[in-house]
Amino acid sequence: MTTYTKTDSDNIDFQKLVSHLDADLAIRDGDQHGFYDQFNKIHAIRHVIVCYHNDTPIGCGALKAYDKQRAEIKRMFVLLEFRGQGIAFSILQALESWARELQYEACILETGKKQPEAIQLYKKAGYQKINNYGQYENIENSVCMSKLL
């Protein structure tokens, strides 16, 4: 049975999944990993979804305020053996629903050109490419996207 739990960044299962995500990103990002890592700290994130399959944590995602109108999607990850089953899409939908409850008008996110499966997921979910924002503004490897809620 697959379940989705609302929690926060103190959740140990979320922390373990993020350590898998960071290991994967360190390989994909190579020399640029240090730059991205500084923007992906998980302390004090109040809105986290953890997906469980038979009580085993298999995926996660988070959102945090970017400004008063927009929430930023962060730390999306699904264990390799559970990919291709719609789990990331379901986590993303749960985060968007939560963002609506919190009165956000849109979600934004940053992903990398070396994460084509993530880009495809976000396109499938209705996200559109936007100009790189904030700290990603002049970073060629970054792909920023947005979706109106």
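In which loop is Asp55 found?

Mentor: This is a predicted model, in which local features need pLDDT of at least 70 and side-chain atom pairs count only at pLDDT 80 or more, while totals for chains, interfaces and linings use all residues. Residues are numbered from 1 along each chain as its sequence is written, and side-chain values use heavy atoms, with hydrogens and water left out.

Asp55 is found in the loop between β2 (47-53) and β3 (56-65); helices (H or I, at least four residues) and strands (E, at least two) are DSSP runs numbered from the N terminus. The phi of Asp55 is near 70°, a positive value in a residue other than glycine. With a relative accessible area of 73%, Asp55 is exposed, where exposed means over 50%, buried under 20% and partly exposed in between (1.4 Å probe, protein chains only).

Arg75 also has a positive phi, of about 55°, although it is not a glycine. Its place, however, is in strand β4 (residues 70-78), and at 5% relative accessibility Arg75 counts as buried.

As for the whole, the protein chain comes to four helices and seven strands, which run β-α-α-β-β-β-α-β-α-β-β from the N terminus on. Buried residues make up 48% of its 149 residues. Of the contacts (heavy atoms within 4.5 Å) between residues at least 6 apart in sequence, 66% join residues at least 24 apart.

Further along, Thr111 lies in strand β5 (residues 106-112) and counts as buried at 4% relative accessibility. Its side chain is joined to that of Gln115 by a polar contact of 3.4 Å; such a contact is a pair of N or O atoms within 3.5 Å, and within protein one must be able to donate a hydrogen and the other to accept it, with residues adjacent in sequence counting only if both atoms are side-chain atoms. Leaving aside residues up to four places away in sequence, Thr111 touches Ala118, Ile119, Tyr122, Asn141, Ser142 and Val143.

Tyr122 also takes part in a helix contact: Ala88, Phe89 and Leu92 in α3 meet Leu121, Tyr122 and Lys124 in α4. These residues divide into five nonpolar, no polar and one charged (Ala, Val, Leu, Ile, Met, Phe, Trp, Tyr, Cys and Pro count as nonpolar, Asp, Glu, Lys and Arg as charged, and the others, Gly among them, as polar).
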